[in-house]
Amino acid sequence: VVSLSFGCSAVFLIGAADKAAVAPLPIMLRSGDCLVMGGEARLAYHAVPRIFEHTAPEILREEMHQVIGQRDEHAGMWEYLEHSRINLNVRQIWARN
């Protein structure tokens with residue numbers, strides 16, 4: 001699993017396959033961070049219990065304006081990112097023989 005984060009910072013928790021087995025490890029994810037989970041970690045309990053609003057980097061706003069412009073129909077995009085995060089996940093699944 002490859003996970004890319006954009007927008008506000010967040011706390012990411014990762015534990016074991018059984019939620020009761022170990023206390024989850026908290027990891028701070030910031031905009032632009034890439035998290036890779038392979039092997040047994042793919043099946044581990046994971047969650048995002050907290051998003052820190054207004055932590056999206058200003059460079060993200062500037063890049064958005066350069067790419068999509070400052071048209072009225074895009075006005076809500078930055079407001080959304082000031083309170084949220086976008087997480088893009090890529091997974092590869094193989095068929096069992």
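## Overall fold

The chain's secondary structure consists of two helices and six strands. This is a predicted model, so everything below describes the prediction. Reading from the N terminus, the order of elements is β-β-β-β-β-α-α-β.

## Size and shape

How does the chain's radius of gyration stand beside that of a compact globule of 97 residues? The chain has 16 Å, while such a globule would have a value near 13 Å. Along its principal axes, the C-alpha trace spans about 50 × 35 × 20 Å.

## Surface, burial and charge

Of the 97 residues in the chain, 23% are buried. The accessible surface amounts to about 7,000 Å², with 56% of it belonging to carbon and sulfur atoms.

If you are thinking about charge, the chain carries 9 positive and 11 negative side chains. The centres of these two sets are 11 Å apart.

## A look at Ser 9

Let's zoom in on one residue. Ser 9 sits in strand β2, which covers residues 9-14. Is Ser 9 buried or exposed? Its relative accessible area is 10%, and because buried means under 20%, Ser 9 counts as buried.

Which residues does Ser 9 touch, leaving aside those up to four places away in sequence? Its contacts are Met 28, Leu 29 and Arg 30, together with Arg 50, Ile 51, Phe 52 and Thr 55.

Note on methods
Residues are numbered from 1 along each chain as its sequence is written. This is a predicted model: local features need pLDDT of at least 70, side-chain atom pairs count only at pLDDT 80 or more; totals for chains, interfaces and linings use all residues. Side-chain values use heavy atoms; hydrogens and water are left out. Helices (H or I, at least four residues) and strands (E, at least two) are DSSP runs, numbered from the N terminus. Buried means under 20% relative accessible area, exposed over 50%, partly exposed in between (1.4 Å probe, protein chains only). Contact means heavy atoms within 4.5 Å. The radius of gyration is taken over C-alpha atoms; the globule rule is 2.2 Å times the number of residues to the power 0.38. Accessible areas come from the Shrake-Rupley method with a 1.4 Å probe; for residues, only the protein chains shown count as cover. Lys and Arg count as positive and Asp and Glu as negative; His and the chain ends are not counted. The place of a charge is taken as NZ of Lys, CZ of Arg, CG of Asp or CD of Glu.
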